[in-house]
There are 2 protein chains.
Amino acid sequence: MPAYKAPLRDIRFVMNELLESEALYQSLPGYEEATADLMDAIIEEGAKFAENVLSPLNESGDEEGCTWSEQGVTTPAGFPEAYQQYVENGWPALSAGTEFGGQGMPNLLGIVVNELAGTANWSWLMYPGLSLGAVKTIDAHGDDAQKQKYLTRLVEGGWTGTMCLTEAQCGSDLGLLRTKAEPQADGTYAITGTKIFISAGEHDMAENIVHIVLARLPDAPAGTKGISLFIVPKFKVEDDGSLGERNALQCASIEKKMGIKGSATCVMNFDGATGYLIGPPNRGLNCMFTFMNIARIGTAIQGLAHAELTLQGSLAYARDRLAMRSLSGPKNPDGAADPIIVHPDVRRMLLTQKAFAEGNRAFIYFLSQQADIVDAGTEEQAKAADDLLALLTPIAKAFATETGYEAANLGVQIYGGHGFIKEWGMEQIVRDARIATLYEGTTGIQALDLIGRKVLGSGGKLLTGFTELVGSFCDAHSDEASAEFTSALNCYKDDWLDLSMKIGEKAMANPDEAGAAAVDYLMYSGYVVLAYFWARMAILANSKIAAADGDTSFYEAKLMTARFYYGRILPRTLAHKQALLSGSDNLMDMPEALFDVQG
Amino acid sequence: MPAYKAPLRDIRFVMNELLESEALYQSLPGYEEATADLMDAIIEEGAKFAENVLSPLNESGDEEGCTWSEQGVTTPAGFPEAYQQYVENGWPALSAGTEFGGQGMPNLLGIVVNELAGTANWSWLMYPGLSLGAVKTIDAHGDDAQKQKYLTRLVEGGWTGTMCLTEAQCGSDLGLLRTKAEPQADGTYAITGTKIFISAGEHDMAENIVHIVLARLPDAPAGTKGISLFIVPKFKVEDDGSLGERNALQCASIEKKMGIKGSATCVMNFDGATGYLIGPPNRGLNCMFTFMNIARIGTAIQGLAHAELTLQGSLAYARDRLAMRSLSGPKNPDGAADPIIVHPDVRRMLLTQKAFAEGNRAFIYFLSQQADIVDAGTEEQAKAADDLLALLTPIAKAFATETGYEAANLGVQIYGGHGFIKEWGMEQIVRDARIATLYEGTTGIQALDLIGRKVLGSGGKLLTGFTELVGSFCDAHSDEASAEFTSALNCYKDDWLDLSMKIGEKAMANPDEAGAAAVDYLMYSGYVVLAYFWARMAILANSKIAAADGDTSFYEAKLMTARFYYGRILPRTLAHKQALLSGSDNLMDMPEALFDVQG
């Protein structure tokens, strides 16, 4: 496993130079303390923690995995101590509101620190990472007593939280869920049912675990409109905040998985456990939508994290490993052969990893800033930011994780046969990355959200909100050097609008047309969005190079990676476009029985 | 893990209807016994063995893996017994020459049986599968005494064989290998060195293991022109064929791998082991080229196998799992939701798996027939077949394994979060499939072989040999129904030639242009080759439907899958074309140090 080295130069470039974070946060009420210096200092501390504490536990955590017993779940050696240190250093409170002990730093900063921790050790990050949903839910929908009772300890990290949605018979389709909530005389509810895939459902890191459980009241309507939310703590909490008796819930088992083995994925049995209604009855799903964007951005980071980690591992190997001579003559004449980084195809793979890691970093940080603007901007600013978030979040979640998985697989490929062997660590990245396109809404679900709810559902308004941004940028950068990127980008932007219109027209006549186009449309959109960020980065790099401001090598690398992206990655849009224009018949005509005729 | 069901209907369609195997083999001297009836009967027996004996050991073999001790390697429970049964039923001898006890059946039939066995359990197939290289090497280059001594037992399966090529410092670049062969007074050689990644290098299935080892003679020239081949048996063989003393070689350890865990991947130490030169000194690599095509086709099957297995698993789940309603109205109104096979995107994934499984089956069987024509055809026939094999084999190896891996990942995706969980078996297919684009020459190596040695190296002659076949087919099928496929195919064929010419011109000025184009060119070629086979299958299906010959549902499914392939998969060529035309600068301009500027 490559030892993780935080890419601080690129993180600062995106935060400070590209997205001008200091200026933004100085303008947002409540975030004035988030100066560039402070944020830099926090990120440096986060980098040290990630490199020195979490990265060394990544391989051993995979090897060891989690262990279940009737007494609970034991996480891999070192995980609880690392979590203790994380809590002592105040990390859980970083971007939480100050009312309950949080430090009130921007979402962006929380996302950057999660990138650092998650790249070093994604399995470990799942424990504190999953608390976010519980915190956001209680903060947004809890009453004062509930906030008082749970938020302080969750924010400070002494307790962790989970989100208990999935059941064996339902994942994407939560309308099918069966867990019951029976009202009790004392105003609480008896929660009964089995939840699966509960990350951090049980572990040995914190004193208490606060489950947010989706369940049905006795008189609830069928489907998604009959789901309510409940707080169900592992240990009941007394009014003075101390822990009371054990609640009637158990981790029945943990899953054997392909990857992220250090993260406990629990089957949770609730046997009449005491729960507390949070938010209005039957409105549970709506309540959850309030923080869905930030949760999805949290998963999008995984794509970025794995692209970065696999790039670091691949690059070290490509410089070290000798095989064959460069086609254009020896580059290492004194050695037995040339390092494989001289070979064009190895460079193609490395640059693909680099283009995705750095491009998705810019994309995801930008989105996180939008979440901060939603929280703290003026009404008008917040509305615009919310619209951007609504459109771009499903793209970021699906596109960053799909391309992150591709990058991870290229890491194995660069190592050749050694990539398949555990000791090099590259295959673990593939196994860990594989989950990211599945949980928090599969790529297919994100694609339906994008084309159905966001693009067509808004009558195209959300899309034009973003394409106008792209158009203005292209107009403002039409000089010859910038046009290397903006002229193509401008065409893609028009084409994206045109394609969206065409799908919309077809979907009016036949709703399956939207579903048939969805994933190709999402990937098309993702490549165009990344082209926008690569154009912004390239043009900024050009201006820095022109100013000859110190060492320009970083900016030269940006420019060349942008050229690579436009030349070799962006053309994938052509395939997605033609595929989605081919219509739904080639998917829907086949009668189900004909998929495997054996006769 | 889905229980494997051999797709006999499709196998017979390709063998008998599409490729008219009986007529071919009746015309090839030595293969007259290979009637359709006999081949069918053999395939049915192979299917039973694969379904009933090998498939049940696939999941347990992954779970258990292999165990190393100083005494040797223990394979998973049931593996040795299955091998015993395989030998008793005569399977190892199926396509071996009759001179040493083989049954003399066509290569095609051996490939089909390997598909059956390998789809059921690829790890298990690695043990008998690896013998092929040893048999072919000894058969082609051994002297009579060597053939007599080793071939009979290898063919009958009492012994197995290996190919010992790779060393820690060299895989693709065998010129760097260091294992030494010192001549001894008795005419044998003392072999000293360490080989890695030796599949089936040690196991508990057979009495003896015959290693073919690549090593250097003391006076050998450096690089690939100084490599010789040696037979190095685990137990020395007396002149009467009985086993003598243990040779000085050991399995030092086995690798921990991402997948195919039931297959022992051995580090082999040769400590002055007794070896016997085979073939002329220093010509070892040339000798190995004689069977490289058939070995690569053997690996290409893995792509087909995993596409088929993942399709079977996905289809069962897609029919069973209920989630959400069809966008065009409920299809299962009495159920709580519709089965997910109603959703367009699930169908897109299933049809992708199906198009690759069935398309690559036709492609690989066709190639296997060409290998038989090389062996038994007239000189003119053999020359044409050999040219086709030379061109198409690197495409088949890389394209079938890349698309097989894609199909396996779609299998996980169709299962959603469950795909990540071991008990469903889908993640194992991904892990097992991952090796296929790495061993027996990575995708990058196949691509260099294709563009460099085959296409440009033949001055385009090998390519035009195949495109003329495609052109004649299109000309012969220009009627309206056929033109649905052949008009596009004809354009692609012209475009392929044109692209090849362009790369050739650029490579004359700058050899890195060939390397920069290589993988995109290979994938482009693969999609066009598969389009040819899908056109052939579709047009044949059309004629069967027109003849209304019995149940036409199989042919209707073929036709619809061909439409899917042309509509949704073939457009990927557009992306590969534009990427490769973008030239080498966007790969080569970046100075090595700039890949990760941290300053």
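In chain A of this predicted model, 25 residues of domain 2 are in contact with 26 residues of domain 3, contact meaning heavy atoms within 4.5 Å. The domain assignment of chain A, automatic or from a database, places domain 1 at 8–289, domain 2 at 292–441 and domain 3 at 453–584. Chain A also meets chain B, with 103 residues taken from each chain.

This is a predicted model in which local features need pLDDT of at least 70 and side-chain atom pairs count only at pLDDT 80 or more, while totals for chains, interfaces and linings use all residues. Residues are numbered from 1 along each chain as its sequence is written, chains are lettered from A and ligands numbered from 1 in the order in which they are written, and side-chain values use heavy atoms, with hydrogens and water left out.

**Domain 2 against domain 3 in chain A**

- The centres of domain 2 of chain A and domain 3 of chain A, taken over C-alpha atoms, are separated by 19 Å.
- About 2100 Å² is buried between domain 2 of chain A and domain 3 of chain A, 80% of it on carbon and sulfur atoms; buried area is the accessible area (1.4 Å probe) that two parts lose on being put together, summed over both.
- There are 2 salt bridges between domain 2 of chain A and domain 3 of chain A, a salt bridge being a side-chain nitrogen of Lys or Arg within 4 Å of a carboxyl oxygen of Asp or Glu.
- The side chains of A:E358 and A:K558 form a salt bridge at 2.8 Å, N to O.
- Across the interface of domain 2 of chain A and domain 3 of chain A, 4 residue pairs are in polar contact (both at pLDDT 80 or more). A polar contact is a pair of N or O atoms within 3.5 Å; within protein, one must be able to donate a hydrogen and the other to accept it, and residues adjacent in sequence count only if both atoms are side-chain atoms.
- On the side of domain 2 of chain A that touches domain 3 of chain A, α12 (344–376) and α13 (379–414) of chain A each supply at least two residues. Helices here are DSSP runs (H or I, at least four residues), as strands are (E, at least two), numbered from the N terminus.
- The largest share of that side, 13 residues, comes from α13(A).

**Chain A against chain B**

- Chain B and chain A bury about 8800 Å² between them, with 62% of it on carbon and sulfur atoms.
- Of the area that chain B buries against chain A, B:F420, B:R568 and B:F595 supply 10%, more than any other three residues.
- Between chain B and chain A the count is 8 salt bridges.
- A:D520 and B:R568 meet through their side chains in a salt bridge (3.5 Å, N to O).
- The interface of chain B and chain A has 38 residue pairs in polar contact (both at pLDDT 80 or more).
- Helix α18 (residues 553–569) of chain B gives the most to the side of chain B that touches chain A, namely 10 residues.

**Salt bridges overall**

- Over all chains, the structure holds 74 salt bridges.
- A:D10 and A:R361 form a salt bridge, their closest N and O atoms being 2.7 Å apart.
- A:D10 lies in helix α1 (residues 8–18) of chain A and A:R361 in helix α12 of chain A, so the pair ties together parts that are 351 residues apart in sequence.
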